[in-house]
Structure formats: structure tokens, C-alpha cells
Amino acid sequence: MRQLPPDRSVLDATATILHPEALVTVDDATEGAAAVLVFGEEIAAVGSVDECRARAAGLGHPSPEVRRLPGTLLPGFVDPHAHPLMYGQMMTWVDCGPERASTIPGIVALLREAAESAPAGRPVRGYGYEHRNLAEKRHPRKEELDAVAEDREVYLMNASGHGGVVNSYTLRSNGITRDTPDPDGGVFFRDARGELTGELSDAACNILTGVSGVKVGHHGPNFHLEDEPDEHERQLAAAQEKFLAAGVTAIGDAQVTRREFDMYLRLDEAGRLKTRVHMYLLSHLLDQSLEMGLHGAFGTPRLSFAGIKFYADGTLGGWTAYFPDGYVGDPCRTGQLYHDPADYAALIDKAHEAGLQTATHAQSPDAIGMVLDAIEEAQRRNPRPDARHRIEHCGLPSPAQIERMASLGVHPVNQPQHYYNWGEGVTDAVGTPGERFNPLGEFQAAGVPVTLSSDAPVAEPNPLEAIQTAVTRTTRRGHRLGGDDLLIDVRSAVAAHTIAGARALGRERDLGSITPGKRADFVLLSENPLTSEPSRIAGIRVLETWIDGEVAR
């Protein structure tokens, strides 16, 4: 049995022994244990029921409650890369995903229905379409969205979150014409005749944020659409419930601007922040962060500053990831790098020198190479043995780049649900190299940490679906790309969504495993994922989610 040292006891805390049907601790030292002693907000002991009872007596509680739990108890899932406020906001939009519409007319019908029931002038916003999933195999055009409404903004966001399509009204009201130059870090797409199609990406979405909305320029995709503060609070509260329902107890918000920062402070101050949130401020706030003295992680038990978020390139789903030789599906598209390599390296060096963790979105080999070059140079100039710089998504690294990640101590943070939802689209976009998309098995073989997350709202915050995909590499359509060397086993996948996520957030000392001294954050599942049929893991039900020793949902 493992237990807390005596000096950690708090006599006025309550003691409860949790005795589930099965216990998965994600800690080799407590593997095989049957029960957990929760003392106040922490785990006090892990072992047999009798051992936990004896430990409770030593803490001044000779008769602790023993609670039988129907199901399998695991540490709470950690989702180190998500966008909770964006997710909550999109819950108020029109779902135009593949389960709702498989054609462009189907999408238009859904949006028109919303427009007809909305107050006059209110924007109509939809989300979730992926053009390769549509029967037409293309993006809608502005003329098609004009059929939704011609007197208000209509915006259909691509599933990637890196852009979408708007109607003619939106372009016209913002003064966007065929002669308008593309903004730094974004594109207004045009057809072969030079006419605007209505598709736009990344910084071009600044036109949607209003006069006082967040403008991020070439520091990231702009999905920071503004609502009233009270509405944002409601959206974020609703998003929390979705994460808790999936067993997620800790989240890394991977793109925080003043919009998100304000909402988190409001909820935390009001005692309404139910999940643990770790904020990665967007890179356009780097200088302001340093001026405020943000030189390391800090915060409260529920809200903390974790690091700085950067973008190296765009998205594979929206064909804006950087492939200088063009996409197989459209050789004229090359995607983009958000920064000149020298400028990016200077930003990473500034953050690294200040002691900050960085998390950079990078999908293509060229973009990943730019990130690794910058980290390597920053480490050469100012060695930090445990900097834990992250590469978000890290979709298509070369084998040589994976070896570099191992030597540099870089943590890739992957989203297997991207593979599950549109893995076939990667080979459509870039050809056979796309079969290696999300090469988790190669990471593990090279000694690179495997870390899983959702990227919600790009995918639902569903760790069990991510775990199943990591183990099977089977897409929603039943396809599998690549060989067995890209798979990981289920035990590793569970660890990747718990303790590995905690390490990526710098919280492994108190989160991510059922270990004495850590926070009593748990998820109770209807079945044990370690013994379930791999293809059935996503169907396992979340029965309860615990935070700080109490049932949060």
C-alpha cells in the first residue's frame, strides 16, 4: 500500500474509502490495488480496503465511510489541448456536420431554418462542415449562402476552425472586394477568374469579430467571435458540463486571448469554474505577458497560466498547413507559415529565455522542422533541461524529426479524433505520406511522450473515442491507414489521456494518476477499457466525474 506521510494529515477533513469493481491507477506503484482513501480533497492511500481503513484510523478517522462504486475507477481524464469557450459558443450555432448534412443544399436548408427563426439582423452561424465529406467534394460558395440571408452576416465555419465561408453581405459590409489584398496570416479565396468565392481563412476572419473584437493578425486563426460577456459566461459554463460528462477534469486552453482570460477570471471568482483550466496565452500577447511578470506557471487550483501558444502553419483539414510543393487535391494551394522562420525563432527564444513553456501548432514536416530548429537554438543559447516545449497536432513529422523530439525533450500533443473523423482526407490532401498521420507508435518507439487531447470543438471532448482510435487507427468510415507500427496499446493510450496530459501541463505532481498526495480527481466508467474489446471502448459510459473528492457530475 502507498500512503501519505503523517505530516500531511488534516484532522478536520472527511475520510472516504472508494471501493470500485475495478481500479486503474495509471501508476505502476499502485497497480493491482482495490481501493482508494480520499481525505479531504486529496488521495491519502491506495491499497486494499483494510489498508485504507487503517490509514484513515491513523489520520483520526477510525470509521470512514466505505463507498462501493459500480464500475471502473480511473484518474480524471486530462485534455491538454482544447478551446472551451469556442466550443461553448459553437453550441449556440447551427450544427452542419456530416451527421446533419451531407450536401451543400442540406447545409443551406439548415442555415435558412435558423435564419427564419432568428431576430432580424442577427448573424447566422454554422459549424462542422468538411468539404471532403460533402457529396460535392468542395466548399460552398458565397452565392449559395446568399440563399440563407442577404440582409445579415452568414458564416459557415469549417470543421478545422481555421476559416470557412461567408455570404456576399458579409464581404460587402466589410468592404472586401476582389482587389482587397490578403491580410498577413490569412486568405480571401478567389476562383480562376479572380472573383471572391466567399471562402476565407485564419486572419481573414478578423472581419467577423466586429469593431472591438479580438484581432490576432498572423499569430493564429481568428475564431474569437464576440458576444456579450454574460453570454460568453453561459457558453463557457455549458462547455464545462460537456467536458465533465466525458470524464475530463483538467483542460489546457490552447488559445487564450483577453476574451477567454476575462471569462475564466469571472467564473473562477464566482466559484463556477468546475474543471481545472490551464491557459496558454496566444503569442501576440507574449510581450504583454512578460511585462506583467508572467515568467512561469502559476494560479489557483482551478485556474492557472501555463505558457504561450504559437502557430507555425495552418490546418490539414482546411488545406492551410504548409506544403510548399502544393496539395495533391489542389496543387495551387501551398498553405502558409504564420511567421518568417527567423521571426518565429526570435519569439521562441524570448519565451524560452523567460522560463516559459511554449506550445506551437505545426502539422507539416516543414512547419515541424521550423519549430524544432527554433527550440534547438533556444536550448543551445540557454539550456533548460525540462522546458517541455510542445508541438500541437504534430500530424506528419518525419522519422528524423521524431528522433530530434526525443533528444530535445519535446512533447507532441496529438488528437486521434482528427484521424477518426477525417483521416482519409489527409491522403486526399497530400498523398501517401498522409498514411502516417498521427504516428503515435513511432513516437512511443523513439521514447517521445505520447499525449492525447480533443482540440474541441474540432472534435467532441471524448477521451474514450480518442483512446479507441489510438489503439485501432480505424476511422469513422471504417478505414485504417498505415501499419501496426503506428498503433499504441490501450494501457499506453489511457496513460496518454491522463498522466501524459498532466505532464504536458506541468501538473504531474498532483494530477493524472491515482497516487497518494495527488488531487482526488476521478472518472468512473461502466467498463474497464483495459479489458474491453478495443473497437467498443468509445461506447463505454461515463458514470461519474469527481473533482477534489466530490462528484462534479
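**Close-up views of a predicted model**

**View 1. Helices α9 and α10 and their contact.** Helix α9 (residues 341-353) and helix α10 (residues 365-381) have axes that come within 9 Å and cross at roughly 45 degrees; helices here are DSSP runs of H or I with at least four residues, strands are runs of E with at least two, and both are numbered from the N terminus. Axes are lines fitted to C-alpha atoms, for helices over the stretch in contact, with angles running from 0 to 180 degrees between N-to-C directions. From α9 the contact is made by Pro-341, Tyr-344, Ala-345, Ile-348, Asp-349 and His-352, and from α10 by Met-370, Val-371, Ala-374, Ile-375, Ala-378, Gln-379 and Arg-381, where contact means heavy atoms within 4.5 Å.

This is a predicted model, in which local features need pLDDT of at least 70 and side-chain atom pairs count only at pLDDT 80 or more, while totals for chains, interfaces and linings use all residues. Residues are numbered from 1 along each chain as its sequence is written, and side-chain values use heavy atoms, with hydrogens and water left out.

**View 2. The open sheet of six strands.** The strands lie in the order β7-β8-β9-β10-β12-β11, with mixed pairing; two strands pair if DSSP finds at least two bridges between them. At the edges stand β7 (94-95) and β11 (186-190), each with a single partner strand, so one side of each is left without a neighbour in the sheet. Helix α3 (residues 104-117) packs on the sheet and touches β7, β8 and β9, its direction making about 150 degrees with that of β8. Strand β8 (residues 124-129) pairs with strand β9 (residues 154-158) in the parallel sense over five bridges, and Val-124 has Val-154 of β9 as its bridge partner.

**View 3. Strand β12 and its two partners, β10 and β11.** All seven residues of strand β12 (residues 196-202) are buried, so the strand is largely enclosed by the rest of the structure; buried means under 20% relative accessible area, exposed over 50% and partly exposed in between, with a 1.4 Å probe and protein chains only. Strand β10 (residues 163-166) pairs with β12 in the antiparallel sense over three bridges, and Val-165 stands opposite Glu-199 in β12. The pairing of β11 with β12 is also antiparallel, over four bridges, with Phe-188 opposite Leu-200 in β12. These two strands, β11 and β12, form a hairpin with five residues between them, and Gly-194 in the turn has a positive phi of about 85 degrees.

**View 4. Leu-505, in the loop between α16 (499-504) and β21 (522-525).** At 6% relative accessibility, Leu-505 counts as buried. Leaving aside neighbours within four places in sequence, Leu-505 is in contact with Val-78, Pro-80, Ile-251, Gly-252, His-278, Tyr-280 and Arg-390. The C-alpha atoms of Leu-505 and Asp-79 are separated by 9.5 Å, although the two residues are 426 residues apart along the chain.

**View 5. Thr-257, in the loop between β13 (248-256) and α7 (258-269).** Thr-257 is buried, with a relative accessible area of 1%. Beyond its neighbours within four places in sequence, Thr-257 is in contact with Val-214, Val-216, His-224, Leu-282, His-284 and Leu-285.
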